[in-house]
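Please open the model in a viewer and keep the selection panel at hand. The stops below say what to select next and what is to be found there.

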Amino acid sequence: DVLGRDSSSDFLLYILSFLPLAIHYDTSRQIVISQDDLEADVKIPGPPTNVHAAETCKNYVVLSWEPPDPRGREALKYYVEKTMAGSTSWQRVNVEIAASSPRLAIFDLVEGKSYEFRVFAVNKFGMSQSSEVTEPIMVHDRIGNCFCSVCSQITFKIACCKLYLFCVL
C-alpha cells in the first residue's frame, strides 16, 4: 500500500469509529468492545490533529496539537516540519530530538515572514501521515511583547495561556 497501511489497519480504523460497540448475544448478556480493547492492535499512529500556533513572537512560534486518535499503546514522539508560506520545500525543525509532548517552540524564524507547519507522530512501528498543514502563520511581535493566540493575552514568557498558568492578566 502506498500509504504504508494495509487493508486490515484501515478496517481497524473504520471499526474504531463505531466504538464503544455492544453485541447482544442473549437477553441478559452482551459483549462490549471499547476503543481501549483495540488500541493494542493499532501499530502505526494516526496523524496529529488541530495543529495551531499557541503563541507567536518576532522570531519564534509555539505550536500545539492534539495527539492522534487512535494513537495505539506505544510511546509517541513528534516531528515538526516547516515551510515558507507558498513553498513546497519542507524542512524538519527538530531533526535530532523528537518532541515528547504535543507542544513545541520553533525558534530562528524570520520576523514578518509567514510559515506553514505540519506534524508527524512516531512510535516504534513507524511514522504517521502528516497532520493537515496549518494556515500560514505570520511571525511578528505585538507591541514589543509576545501574543498568545489561545487566551489573547500579551505575555513576556514563551509558555503562555491559561492552560499553562503563565498569562499576564
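Begin by selecting Leu-63, Trp-65, Val-80 and Phe-117: these have the most contacts inside the largest nonpolar core, which has 18 residues. A nonpolar core is a set of buried Ala, Val, Leu, Ile, Met, Phe, Trp, Tyr and Cys residues joined through side-chain atoms within 4.5 Å. Buried means under 20% relative accessible area, exposed over 50%, and partly exposed in between (1.4 Å probe, protein chains only). Colour β3, β4, β5, β7 and β8 next, the elements that give two or more residues to this core. The largest share, four residues, comes from β8. Helices (H or I, at least four residues) and strands (E, at least two) are DSSP runs, numbered from the N terminus.

The model is predicted: local features need pLDDT of at least 70 and side-chain atom pairs count only at pLDDT 80 or more, whereas totals for chains, interfaces and linings use all residues. Residues are numbered from 1 along each chain as its sequence is written, and side-chain values use heavy atoms, with hydrogens and water left out.

Contact means heavy atoms within 4.5 Å.

**Strand β4**

Select residues 61-66, strand β4. Five of its six residues are buried, so the strand is largely enclosed by the rest of the structure. Which strands pair with β4? Two strands pair if DSSP finds at least two bridges between them. To locate the β3 side, select Ala-53, whose bridge partner in β4 is Leu-63; a hairpin of four residues joins β3 to β4. To locate the β7 side, select Ser-64, whose bridge partner there is Arg-103.

**The salt-bridge network**

Now show the side chains of Glu-81, Arg-92 and Arg-118, which are linked in a network of salt bridges. A salt bridge is a side-chain nitrogen of Lys or Arg within 4 Å of a carboxyl oxygen of Asp or Glu, and by this rule the count comes to two. Glu-81 meets Arg-92 at 3.6 Å, N to O. This pair links distant parts of the chain, with Glu-81 in strand β5 (residues 77-84) and Arg-92 in strand β6 (residues 91-92), eleven residues apart. Glu-81 meets Arg-118 at 2.7 Å, N to O. Here too distant parts are linked, since Arg-118 lies in strand β8, 37 residues from Glu-81.

**The end of β8**

Move to Asn-123, found in strand β8 (residues 114-123). Asn-123 is buried, with a relative accessible area of 8%. A polar atom of its side chain lies 2.8 Å from the backbone nitrogen of Phe-125. Beyond four places in sequence, Asn-123 is in contact with residues including Lys-43, Pro-45, Glu-74 and Leu-76.

**The whole chain**

Finally, zoom out. The secondary structure comes to two helices and twelve strands. Buried residues make up 37% of the 169 residues.

Notes:
Polar contact = N/O pair within 3.5 Å; in protein donor to acceptor, adjacent residues only side chain to side chain.
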